[in-house]
Amino acid sequence: VEIFVVSARSVPLAPGRGDERRWVRVVAAFGGQGMSTSLVEVGSSMRWQSSFRVAVDNPADAALLFNMVYVDGGVLGKVAVPVQRLAAAGTEQGWYDLRDPSGED
C-alpha cells in the first residue's frame with residue numbers, strides 16, 4: 001500500500017504550551033512498520049507532501065493508524081483507515097477528521 005500524507009487544515013494551536021506545541025508531525029503505523037513526516041508549524045494550511053509504502057499481507061481487520069504528534073511527543077489526534085476499504089477501492093483520497101487521542105471522539 002502506498003500512503004501519501006499531503007496536508008492538514010484547521011488544526012488548533014494548543015493554548016499556553018509554548019513553542020513545543022507549535023510544531024507537529026504525522027506518524028503512521030501498520031503491522032510493526034512506522035513512518036513519520038517532517039515537522040511543520042501548526043496553522044491554517046499545513047503541507048507535508050510525504051509518501052510511504054507498507055507491506056500488507058492480510059487486509060481483513062487491519063487499519064493504517066495515523067497520529068498527529070507535537071514535537072514534545074504529545075498526541076493531538078488520530079485517524080484510523082481500514083486497509084480492507086483501501087484494498088477494495090484501489091485508491092482513496094480526502095480529508096479525515098482527527099479523533100481524540102483516547103478514541104472517544
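Let's start with arginine 22, which is partly exposed at a relative accessible area of 29%. Keep in mind that this is a predicted model. Arginine 22 has a salt-bridge partner in glutamate 41, and the count of such bridges comes to three.

**Salt bridges**

- Glutamate 41 and arginine 22 pair up with their closest N and O atoms 2.7 Å apart.
- Glutamate 41 sits in strand 4 (residues 40-41) and arginine 22 in the loop between strand 1 and strand 2, so this pair links parts that are 19 residues apart in sequence.
- Glutamate 2 makes a salt bridge with arginine 53, and here the closest N and O atoms are 3.2 Å apart.
- That pair ties together parts that are 51 residues apart in sequence, because glutamate 2 belongs to strand 1 and arginine 53 to strand 5.
- Glutamate 2 is partly exposed, with a relative accessible area of 39%, while arginine 53 is exposed at 65%.
- Glutamate 92 and arginine 85 meet through their side chains, at 2.7 Å from N to O.
- For that pair, glutamate 92 is partly exposed at 27% relative accessibility, and arginine 85 is partly exposed with a relative accessible area of 39%.

- In soluble globular proteins, nonpolar side chains tend to be buried together.
- Take leucine 64 as an example: leaving out residues up to four places away in sequence, it touches a list of residues including Val1, Ile3, Phe30, Val54, Val81 and Leu86.

**A buried serine**

- Serine 50 is found in strand 5 (residues 45-53).
- Serine 50 is buried, with a relative accessible area of 15%.
- Setting aside residues up to four places away in sequence, serine 50 touches Ile3, Phe4, Val5 and Thr37.

- Valine 71 lies in the loop between strand 6 (63-70) and strand 7 (75-82).
- Valine 71 counts as partly exposed, at 42% relative accessibility.

Methods:
Residues are numbered from 1 along each chain as its sequence is written. This is a predicted model: local features need pLDDT of at least 70, side-chain atom pairs count only at pLDDT 80 or more; totals for chains, interfaces and linings use all residues. Side-chain values use heavy atoms; hydrogens and water are left out. Helices (H or I, at least four residues) and strands (E, at least two) are DSSP runs, numbered from the N terminus. Buried means under 20% relative accessible area, exposed over 50%, partly exposed in between (1.4 Å probe, protein chains only). Contact means heavy atoms within 4.5 Å. A salt bridge is a side-chain nitrogen of Lys or Arg within 4 Å of a carboxyl oxygen of Asp or Glu.
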